[in-house]
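Visitor: Hi! I have a protein model open and I'm new to this. Could you walk me through it?

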Amino acid sequence: MKYISNLFLGFQNSLVYRANFLISLVTRLLQVGLSLLMWRALYLESGQTTIHGYSQTHMMQYLILTGLLSLIFTFEPLFRLARQIKTGKISTLLLRPINLNLESLSNFVGAKLILIGLLGVLIVILTRGYGLSMLLILLYALVSVALWHQIMFLLGTLAFWLVQMWPLRPVISALYLFCGGLLFPLDVLPTWAYQGLRFSPLALVSSDLVQTVLQGPRQPQLLFLYLGLSIVWLIALVGISRWLFRVGLHKFEGVGV
């Protein structure tokens, strides 16, 4: 119950800072718009109706969905945990009967509740008529949200050792942009690169999820593969995060509790 209350608190906070939401939305729309124009020009110049098996409509759907996911998958959990560690606020949180990982997840889900709901609606619309597959894809989307949060929470624990966390932002942004397939589907890459990236956590939460929405209902084996791997990655990252957090606490010196 306390995590549900925290979820609604995160939702209310997201409504308070509406300007931040609108600015990030406009910025992302511009980026997606540029990608759409770039790919439209490629189709026109090449004179082909498909590129790497993607029709222009299919490519547009892919870019719009990855653009929406990039609005959900932000770095807030990472820098929120880092801020709690650097400011010493985590000292008071440790005294409370809460799981900091779940507290962070509930806050993150609450802050992204509107966008997650919008993603759910789009999934229902794009996979209508596929019944069980649609429910599994919705489950896959929720697991992806949890997996992304866990990646960020794990990176946030590095604040126990690093003096400054901001240099990580451009590195993670570049990795997410490329490995998550935000500019193009990963399967347009050479086969060796695609096979090396497609099962990474960043690909599973973004490019693979979108591919599943667009193709999954017709390829259930792909849906089960990606969903299963996402759950395995989630369990592994939770374990690593807990270990890093315990080790990091031995280095932490909090004052003013």
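Visitor: Which residues in α6 meet which ones in α8?
Guide: L100, N101, S104, L105, F108 and V109 in α6 meet V145, A146, W148, H149, Q150 and F153 in α8. Here contact means heavy atoms within 4.5 Å. Helices are DSSP runs (H or I, at least four residues), strands are E runs of at least two, and both are numbered from the N terminus.

Visitor: Before I go on, what sort of model is this?
Guide: This is a predicted model, where local features need pLDDT of at least 70, side-chain atom pairs count only at pLDDT 80 or more, and totals for chains, interfaces and linings use all residues. Residues are numbered from 1 along each chain as its sequence is written, and side-chain values use heavy atoms, with hydrogens and water left out.

Visitor: Okay, back to α6 and α8. At what angle do they pack?
Guide: Helix α6 (residues 100-111) packs against α8 at about 125°, and their axes are 10 Å apart. Axes are lines fitted to C-alpha atoms, for helices over the stretch in contact, and angles run from 0 to 180 degrees between N-to-C directions.

Visitor: So what do we call that arrangement of α6 and α8?
Guide: The two helices, α6 and α8, are therefore oblique to each other. Angles under 35 degrees count as roughly parallel, over 145 as roughly antiparallel, 65 to 115 as roughly perpendicular, and the rest as oblique.

Visitor: How many nonpolar, polar and charged residues are in that contact of α6 with α8?
Guide: The contact has eight nonpolar residues, four polar and no charged. In this count Ala, Val, Leu, Ile, Met, Phe, Trp, Tyr, Cys and Pro are nonpolar, Asp, Glu, Lys and Arg are charged, and the others, Gly among them, are polar.

Visitor: What about α8 and α13, at what angle do they cross?
Guide: The axes of α8 and helix α13 (residues 220-251) cross at roughly 25° and come within 9 Å. That makes α8 roughly parallel to α13. By class, their contact has 21 nonpolar, four polar and no charged residues.

Visitor: Which residues have the most contacts inside the largest nonpolar core?
Guide: F73, W148 and M152 do, in a core of 75 residues. Helix α8 (residues 132-156) gives the largest share of this core, 14 residues. A nonpolar core is a set of buried Ala, Val, Leu, Ile, Met, Phe, Trp, Tyr and Cys residues joined through side-chain atoms within 4.5 Å. Buried means under 20% relative accessible area, exposed over 50%, and partly exposed in between (1.4 Å probe, protein chains only).

Visitor: And what does F73 touch?
Guide: Not counting residues up to four places away in sequence, F73 touches S144, V145, W148, Y176 and V205.

Visitor: New topic: is N107 buried or exposed?
Guide: N107 counts as buried because its relative accessibility is 14%. This residue is in helix α6. Leaving out residues up to four places away in sequence, N107 touches N6, G10 and R80.

Visitor: How about H58, buried or exposed?
Guide: H58 counts as buried, at 17% relative accessibility. You'll find H58 in helix α3 (residues 56-72). Apart from neighbours within four places in sequence, H58 is in contact with L214 and Q215.

Visitor: Last one! Where is H52?
Guide: H52 is in the loop between β1 (50-51) and β2 (54-55). At 55% relative accessibility, H52 counts as exposed. H52 also has a positive phi of about 55°, although it is not a glycine.
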